[in-house]
Amino acid sequence: MLALLALALAACSRPGPEAPAAAAGTEPVVGRHGGRLVVALRSQPASLNPVAAVDNTSFTVLRRVHADLVHINRQTQRTEPALAESWSISEDGRRITVRLRRGLRFSDGEPFDADDVLFSYRVYLDESVGFPGRDLLVVGGEPLGLRKVDAHTVVFEMGQPYAVGERLFDSVAILPEHLLRGPYEEGRLPEVWGNAAEPSEIAGLGPFQLKEYVPAQRLVLERNPHYWKVDADGQRLPYLDEIAFLFVPSQDAQAIRFQSGETDVIDGLSAENYAVLERQAHSGRYRLFDLGPGLTYNFLFFNLNDLEGRRLESIERKQAWFSDLEFRRAVSEAVDREALASLAFKGRAEPLATHVSSGNKLWRNDAIAPPARSSDSARRRLAAAGFSWNAEGELLDADGRPVSFTIVTNSSNAQRVRMGTVIQEDLAGLGIDVGVVPIEFRAMLERVFRSFDYEACILGLSSGDVDPNSDMNVWLSGGSSHLWRIGGGPADAAEEEIDRLLREQLVELDPAVRKAKYNRVQEIIADTVPAIFLVSHDILVGAKVGLGNFRPAVLDHSTLWNADELFWEAPEPGAEGRATAAPR
Amino acid sequence: MPSTRASGPSSRRRKRRRFDAAALLIAAHVLVLLAGPLAPYHPAAQHREAPWAPPTRIHFFDAGGGFHPRPFVYARTAVPGAADEYVEDRGRAFPIRFFVRGEPYALGPWTFERRLFGVEAPARIFLLGTDGLGRDQLARLLHGGRVSLFAGLLAAAVALSLGTLLGSLSGFYGGRVDALLMRMTELVMVLPWLYLLLAVRAFLPLELPPLRAFVLVVTVIGLIGWAPPARLFRGVALSAREREYVQAARGFGAGDRYLLVRHILPQVRTLALTQAAILAPRYILAEVTLSFLGLGIGEPVPSWGNLLAELQHYSVLASYWWMAAPAVALVGVFLLYQRVASGLAPDATIELH
């Protein structure tokens, strides 16, 4: 599900905020060819097929192998030309004309032209193919229309104005028609380019191509000799000869491998491991970067689903509290967000009022501050809403039943479990008996998405882009990730207004009006507390010293987004030996 | 293991060793029972200003070099910008006081406030440091020991009672009873108990109150653990049945019940004691494993298993050595049990697993 959200890259009609400056500066410098970059992945990619991939590890590999028409620069958050040399959007916002670069070749040497673009989008829009990101290519219920003008010009047409503009094209891989037309016509496109694919069967327009894939061990990419990008001196990119991905399932093991110098780049570091690495950083072998709050928000939500006919009576009874606005406000006020940031993330996190963190400078409504912690105010709210306390200090509802509930979260995430324990103690102060139950990740998703057999849950979601559109599936009342109430229409007037505002901003072409609408959405969320937003943690990454052009960004993929520009400043000592030895 | 009865000075030494070890074990159990008064803080109290604080230093000499007969501590404050570094504020000494008033705790049916020792706020005394939420590790170790040690002991009691009863019956009666019971032990023994527990846990409500979780853990371990001792006792009962004095008693018209209580059970008594010394640590480990996997006692109630679970994280292992205290305690208790068991061993034939 997180992967799906990460997929939800979308619109922003103005340039985004500047990303936090990394030590290496903001402009790429001219590098030198050669060398190999070793990176750990949490799992092996589920698929090497852009049509079928849904998981983040697959994206990490695929986005190095394939290219899109227009690309969002992860650091500036602006769009920049990729396979498209230029584009223009019509006055009414319904038509985008894209002019392609000439003379490009796929990694297998075959030429690229407008037919490949037409083929790719035809495949993505074909419902029988089941492309997971198809929804993003459907505007106002109508799939994108494509028209070929000549071998290097394509026109995209939409049924209604689309505020997303050219950001729509980001990360949508252009496929080689000469390799995939056959499988597509035979109806077996989703099955090709799986884990057993030979490197020679796969071709892309990205900076690297597949060299070797040993399932459960490693995947090696080598430079694509036909890649189109050149640096300021006219040298053909990428600089690196190879990227080797090792499959290292645990975060701790990844940190250890990075610390020992076995891998060259690490991202998604936990604050704990960052602190451990920081203590050793004086060895001068690597540098660490705290990029500030990312686009992941951790939040607590109550089960507000319609439970009719599900035999979950005890949860249904508790929903009387959960759906009480004053109850949710009281819980929100009782939570010590500063303590969450300091205890669960060693201070490398920021308290949240809504789902928009300060990592999103452009779209955040800065007028909203996180609720100040006040158990007095929380008690007043509860008393006003008909709750009372018995002699032991337990909170009772209007019917005299003691208030207690259970928070589930995934046991694999130590930070969420710790946040749960802090909240447990905070709410004990209000007389609420809270249980914290860490369970297996998939078991938790099953409860949240299907069986609805839970009372409250702590989860984190990542926005794929700064743009509001990337969160549409969370905030529309019928959205697939509207976690606290899945399926069904708006529950109240507030949700109705959010639905309306979100639909309006989608077709609004004036950035200022769009921003005003999204500001209002955040106000409603802060006021009606549909979920209790906790903290947004910093993006923490590291790289070996000597890796040039390393410019990490808060957007995915934070360290490898500019893999074509990365280079080794000096030949690595022992790099030759390591390049031939099989990674352990 | 030697199966002959030992005698002479070596036997006396062994007996003394056994006695020492048993005394220490009992002391450990008393200590954890007295967790309330012994620990200066409640095990779930979060001192949020002091996460991952190392053990508090106890001083006799102040910053100026002056000697204080009464030991004291300094208040500590976090180093700004570092989440887990602290400096002592040498401005004021806080002497350690005994029998101080603290957060109330329950001991049996009564509630008390006096704790063995403590210091005045804002200073804190964490003899074993704190965990990531600023909770006193000493309090958690002691309270956690309650859960883990007694879960092991009770589970062993359940398993042994069942094992003794069913094993003796099986060996005494033989025939169909024996065949049925022994097939049952085989069935229980081939079950992959960890997966069974996972399955059992999945059927229960998500959240169990600590007491029910404790009872559940003890029951499940006991119910799965009865089979091996039952087989052992069956053998003893089988051989006892054929002894001449038993045959003679039967010849004089003694009933089954008389024979069982008078002649068979005394035979297995010493063996049961040795088995208890062997099984208890294994069941302690079973509880620790369950809690480590999050299937035992849940937060905020500590057990040695969920305390050890913190050590799974590389950062904890690499940075906070005091978090390993439960592991040290666990190893100590195991060694004591081992000593008791090997002290008992010469009295009977036993099989060490």
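Modeller: Happy to! Two residues are in contact here if their C-beta atoms, placed from the backbone, lie within 7 Å. Please keep in mind that this is a predicted model.

Leaving aside residues up to four places away in sequence, Leu534(A) touches Asn298(A), Phe299(A) and Leu300(A), along with Val335(A), Arg337(A), Leu340(A), Leu352(A) and Met419(A). Leu534(A) belongs to the largest nonpolar core, a set of 161 residues, and is listed with Leu300(A) and Cys457(A) as having the most contacts inside that core.

Now for the chain around Leu534(A). Chain A is built with 16 helices and 25 strands, and buried residues make up 50% of its 584 residues. Of the contacts in chain A with a separation of 6 or more, 70% join residues 24 or more positions apart. The radius of gyration of chain A is 25 Å, which agrees with the value near 25 Å for a compact globule of 584 residues. Along its principal axes, the C-alpha trace of chain A spans about 80 × 60 × 40 Å.

Finally, the partner chain. The contact between the chains takes 25 residues from chain A and 17 residues from chain B. On the chain A side, H11(A) gives the most, with 6 residues. The residues of that side divide into 12 nonpolar, 8 polar and 5 charged.

Technical notes:
Residues are numbered from 1 along each chain as its sequence is written. Chains are lettered from A and ligands numbered from 1 in the order in which they are written. This is a predicted model: local features need pLDDT of at least 70, side-chain atom pairs count only at pLDDT 80 or more; totals for chains, interfaces and linings use all residues. Helices (H or I, at least four residues) and strands (E, at least two) are DSSP runs, numbered from the N terminus. Ala, Val, Leu, Ile, Met, Phe, Trp, Tyr, Cys and Pro count as nonpolar, Asp, Glu, Lys and Arg as charged, and the others, Gly among them, as polar. A nonpolar core is a set of buried Ala, Val, Leu, Ile, Met, Phe, Trp, Tyr and Cys residues joined through C-beta atoms within 7 Å. A residue is buried if 20 or more other C-beta atoms lie within 10 Å of its own, exposed if 12 or fewer, and partly exposed in between; C-beta atoms are placed from the backbone. The radius of gyration is taken over C-alpha atoms; the globule rule is 2.2 Å times the number of residues to the power 0.38.
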